[in-house]
Amino acid sequence: MALKLPQNSLLGSQSDSQRTLYPYVTGTSVVALKYKDRILMAADMGGQQLALGSIDLKPFSYVHMRYKSVERMKPIGKHSLLGASGEISDFQEILRYLNELILYDNMWDDGNSLGPKEVHNYLTRVMYNRRNKFNPLWNSLVLGGVKNGNKYLGTVSMIGVNFKDNHVATGFGNHLAQPILRQEWHENLSFEDGVKLLEKCMRVLLYCDRSAVNKLQIAKITEEGVTIHQPYSLKTYWEFSTFENPAQGAIGSW
Amino acid sequence: MFRNQYDTDVTTWSPAGRLFQVEYAMEAVKQGSAAIGLRSKTHVVLGCVNKANSELSSHQKKIFKVDDHIGVAIAGLTADGRVLSRYMRNECINYSFTYESPLPVGRLVVQLADKAQVCTQRSWKRPYGVGLLVAGLDESGAHLYYNCPSGNYFEYQAFAIGSRSQAAKTYLERRFESFRDTTRDNLVKDALMAIRETLQGETLKSSVCTVAVVGVGEPFHVLDQGTVQQMIDAFEIVAEQEGPAAEPDVDSGQEASAEPEPEQGAAAGEGVAPMDI
């Protein structure tokens, strides 16, 4: 039976159905890095939906559906780009908040504008606030941007952990992509080298992350603005001898 | 200004289209002791005349730090000024907390002006009786604004408010073209000279004035009395000195040609309206 909290419980709102317990439609890793005077970000276009069993209302963790054209990176204002992994509907909610924020910022019409640092900190406040209410926005966000020649790259998690770095990743990207970036990232990457590095990371994620989809987008943020390139696929190689008979060396019946 | 039948409520228009209560509020500003502000491309200086009630008391605080990059000098009802400073500090701190970035001065000034406007359109309120010179720094450079009780605000290169501010304004009008590119120290010197103009004959000493600076790489702070007195002495500003009418030289310190005058015992509180205290 689903846990029913008494009405006057201190643990958040009235009943469980109003609190986020688990995400339904999720996107996987986002990887981003600084290069020269700009930022590059990559994310695949996959979203996968969790199936639900009807007994006990507990989720079964098998994939029910895959969406293949989910845009998980969006430009924010003039200077920033936001990439998200995790619950897609929460990402859309965040985009609504940010839309309103940028709208009011533009309405001042006074030559000042919110830069990536301000947006990053605003998001941190929002995520942390929701976490405190036990109703998190189930996302890991990457916020990158360039303003007045200064590049900025930061990340916020669903519990409000935030920091800035030269290269960041969410989810599986932290385990699979970051080690590559730590080895091979350096201060003066060119655009081509940056893309090659990101593709290397995305390829590893494609091979090893079961929720990855072979359709990725690369986004570039410069002083002039944000460009999100058309989606494309990575070449993969499946003819490795180990793949041909994967169970060859395994002991046991499966 | 004479009493008339349209001046009882702030929500009553006169047939000539004036709101007398708002205009009376601006009178209160004119009665307060002087405050001046001037800016260059990189710095803004605020100065004010501080007259103590009696020898026994301390002076009114008229310059407030609002944030590291914003400060304000007031003239008029200082209690109203204090309350508005608290509002400004609050706004700055909330913005800093959310965005980790300093609140742009222009936005704070508009919020302040909107707050003042509310009081000109509610029958149960009265306008704030204080004029504010807001000095601040943001991405677009150094700024000096004047906020009126009427809810208007203006940006200035240099301005003076309060009693005998016209003398200071005349001085500033003569000199303002040189302010943009001048050095920080020269800017402070100009501020002191403008304050001297409002004293109308009294000796300029650090005990009667307060000076504050904000600039690139320099958070807003009030200069301490020792520093101010040193600057006054260094520029050799003398009470009865005839200021050179033609080109004042910006770079070199002014040579005082007059001999030091005997100390003039200016009556304390002369020309200062009760509302200033």
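The legends below describe several close-up views of a predicted model.

Residues are numbered from 1 along each chain as its sequence is written, and chains are lettered from A, with ligands numbered from 1, in the order in which they are written. In this predicted model local features need pLDDT of at least 70 and side-chain atom pairs count only at pLDDT 80 or more, while totals for chains, interfaces and linings use all residues; side-chain values use heavy atoms, with hydrogens and water left out.

**View 1. Chain A in outline.** The secondary structure of chain A comes to 6 helices and 13 strands, where helices (H or I, at least four residues) and strands (E, at least two) are DSSP runs numbered from the N terminus. Of the 254 residues in chain A, 45% are buried, a word that stands for under 20% relative accessible area, with exposed meaning over 50% and partly exposed lying in between (1.4 Å probe, protein chains only). Among contacts in chain A between residues at least 6 apart in sequence, 63% join residues at least 24 apart, a contact being heavy atoms within 4.5 Å.

**View 2. The open sheet of chain B.** Five strands of chain B form an open sheet in the order 3-4-5-6-7, with antiparallel pairing; two strands pair if DSSP finds at least two bridges between them. Strand 3 (63-67) and strand 7 (153-155) of chain B stand at the edges with a single partner strand each, so one side of each is left without a neighbour in the sheet. From one strand to the next the twist averages 25°, with axes taken as lines fitted to C-alpha atoms, for helices over the stretch in contact, and angles running from 0 to 180 degrees between N-to-C directions. Within the sheet, strand 4 (residues 70-76) and strand 5 (residues 130-138) of chain B run antiparallel and are joined by 7 bridges, and Ala75(B) of chain B stands opposite Gly131(B) in strand 5. Helix 1 (residues 20-31) of chain B packs on this sheet, where it touches strand 4, strand 5 and strand 6 (141-147) of chain B, and its direction makes about 100° with that of strand 4 of chain B.

**View 3. Helix 2 of chain B.** Helix 2 (residues 78-99) of chain B lies across strand 3, strand 4 and strand 5 of chain B and runs at about 15° to strand 3 of chain B. This helix has 22 residues and reaches 31 Å from its first C-alpha to its last, close to the 32 Å expected at 1.5 Å a residue, the expected span being 1.5 Å times one less than the number of residues. Its buried residues, including Leu84(B), Met88(B) and Tyr95(B), pack against helix 1 and helix 2 (116-132) of chain A together with strand 3, strand 4, helix 3 and strand 5 of chain B. After helix 2 of chain B comes Glu100(B), whose phi is positive, near 50°.

**View 4. Helix 3 of chain B.** Helix 3 (residues 105-118) of chain B has 14 residues and reaches 20 Å from its first C-alpha to its last, close to the 20 Å expected at 1.5 Å a residue. Because 10 of the 14 residues of helix 3 of chain B are buried, this helix is largely enclosed by the rest of the structure; among the buried residues are Val105(B), Val109(B) and Leu112(B).

**View 5. The nonpolar cores.** The largest nonpolar core has 40 residues, and those with the most contacts inside it are Leu82(A), Leu98(A), Leu123(A) and Val134(B); such a core is a set of buried Ala, Val, Leu, Ile, Met, Phe, Trp, Tyr and Cys residues joined through side-chain atoms within 4.5 Å. Helix 1 (residues 88-108) of chain A gives the largest share of this core, 6 residues. Not counting residues up to four places away in sequence, Val134(B) touches residues including Ile70(B), Met88(B), Val109(B) and Tyr145(B).

**View 6. Strand 2 of chain B and its partners.** Strand 2 (residues 43-49) of chain B is mostly covered, with 7 of its 7 residues buried. His43(B), Val45(B), Gly47(B) and Val49(B) point one way from this strand, whereas Val44(B), Leu46(B) and Cys48(B) point the other way. A hairpin through 3 residues joins strand 1 of chain B to strand 2 of chain B, and these antiparallel strands share 5 bridges, strand 1 covering residues 35-39. Strand 2 of chain B is also joined by 7 bridges to strand 9 (residues 209-215) of chain B, again antiparallel, and there the bridge partner of His43(B) is Gly215(B).
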